[in-house]
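I opened the file to look up cavities and strand pairing. My entries follow in the order I made them.

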Amino acid sequence: MIYKIMLNRTFFCFCVFVFNNFVENLNKMKKHLLISALFALATSAYGQTTRVQVIHNCADLAADSVDVYLNGGILLDNFAFRTATPFVDVTAGSPITLSVAPKTSTSVADTFFSVTVTLDPTRKYILVANGIESASGYSPASTSVPFRLSVTDVAREAAAASGNTDLLVMHGATDAPVVDVRAGNSVLVNDIAFGQYNSTGYLPLPTADYIIDVTDATGGTVVKRYSAPLATWSLTGAAATIVASGFLNPSVNSSGAPFGLWAAPAAGGALRQLEEVARVQVIHNCADRAADSVDIYLNGVRSFDNVAFRTNTSFF
């Protein structure tokens with residue numbers, strides 16, 4: 001009897017554990033299904049559709065979450081900064097009106113941004129919310145970089161070739177200058193300005209872990225360096241959008257989110273942050289004759305051989 005009671009309790013606890021995990025996963029599925037269902041309802045009256053993803057990259061604190069309306073009906077409620085929808089079907093071949101309102105909106109009448117477009121059913125789209133909505137507190141101000149939806153019609157939901165990860169780069173940092181993106185000596189993106197996508201479209205990169213630099217337009221000065229762990233993130237065969245996000249100088253931008261690179265996968269959800277990597281220079285100033293020249297190892301691998309006293313490495 002005692003063993004039976006203990007087994008029953010163990011079975012009960014196991015059932016509770018399974019049920020809780022089922023509910024958690026179900027809630028995640030329901031969120032994506034709800035977004036898809038809302039888009040489906042909004043497009044059900046029309047025959048032609050296309051595929052669209054929406055990414056919230058507006059770092060204005062007044063737009064930390066927004067409500068998005070399609071043809072006057074609520075589509076996305078409290079759509080948060082640095083999140084993305086999955087790709088969904090949207091009406092094509094007929095005009096549609098997308099409107100953006102504060103998270104406290106009660107109807108489309110509260111809209112602060114609206115645009116009417118006709119989408120091509122033969123294309124796929126990504127829409128990135130960028131810019132500044134607030135009248136003050138930001139530099140540059142909303143008069144120079146107003147809120148907008150930056151649109152591209154070359155979107156992909158998967159890589160064009162197996163073994164690759166296809167990346168689309170979008171500059172959405174209002175106070176960042178024209179920049180390049182480089183991997184070693186290779187220029188991945190040349191002279192991209194705020195509000196622009198990479199002019200050459202997707203970068204078909206063999207899936208691996210990369211170190212990439214954001215440089216000034218000349219390529220001579222590294223502004224930031226990041227780790228892009230495409231293999232670690234298991235992105236083989238996937239497509240994603242990399243957005244420059246936040247502010248280089250938060251102190252003059254209402255202490256908003258700092259600058260960074262964030263990845264929006266085609267499946268949507270919270271954007272994934274590319275971690276910043278430090279740049280280091282080593283200077284040999286040890287006058288001990290036993291250390292007149294030294295070898296320097298990084299993570300167990302010899303990276304610099306016979307570094308002499310009173311010399312230094314380059315930045316790495």
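Entry 1, largest cavity. I looked up which element lines the largest cavity with the largest share of residues, and found β10, with four residues. I took strands as DSSP runs of E of at least two residues, numbered from the N terminus. The model is predicted, so I noted that local features need pLDDT of at least 70, that side-chain atom pairs count only at pLDDT 80 or more, and that totals for chains, interfaces and linings use all residues. Residues are numbered from 1 along each chain as its sequence is written, and side-chain values use heavy atoms, with hydrogens and water left out.

I wrote down what a cavity is: on a 1 Å grid over the protein atoms alone, a set of points where a 1.4 Å probe fits but cannot get out, with lining residues having an atom within 4 Å of a point. Grid points are joined across faces, edges and corners, and the volume is the space filled by probe spheres set on the points. The count is four cavities of 30 Å³ or more, and the largest holds about 240 Å³.

The lining of the largest cavity has 23 residues, and V169, V181, V214, I242 and L261 lie nearest the centre. Two or more lining residues come from each of β10 (164-171), β11, β12, β13 (203-206), β14, β15 and β16 (239-245). By class I found 22 nonpolar, one polar and no charged residues. Here Ala, Val, Leu, Ile, Met, Phe, Trp, Tyr, Cys and Pro count as nonpolar, Asp, Glu, Lys and Arg as charged, and the others, Gly among them, as polar.

The residues lining it include V54, H56, F79 and F147. At least two lining residues each come from β1 (49-56), β2 (65-70), β6 (95-102) and β8 (124-130). The classes are ten nonpolar, one polar and no charged.

I found four strands in the order β12-β11-β14-β15, with antiparallel pairing; two strands pair if DSSP finds at least two bridges between them. β12 (186-192) and β15 (222-229) are at the edges with a single partner strand each, so one side of each has no neighbour in the sheet. Inside the sheet, β11 (179-183) and β14 (209-216) pair over four bridges, and V179 stands opposite D216.

β20 (293-298) and β21 (301-308) pair in the antiparallel sense over five bridges. Y297 stands opposite R302. Two residues lie between the strands, and N299 takes a positive phi near 50 degrees.

Terms used
1 Å grid on protein atoms, 1.4 Å probe; cavity = no way out; pocket = protein on both sides within 12 Å on 5 of 7 lines; lining within 4 Å.
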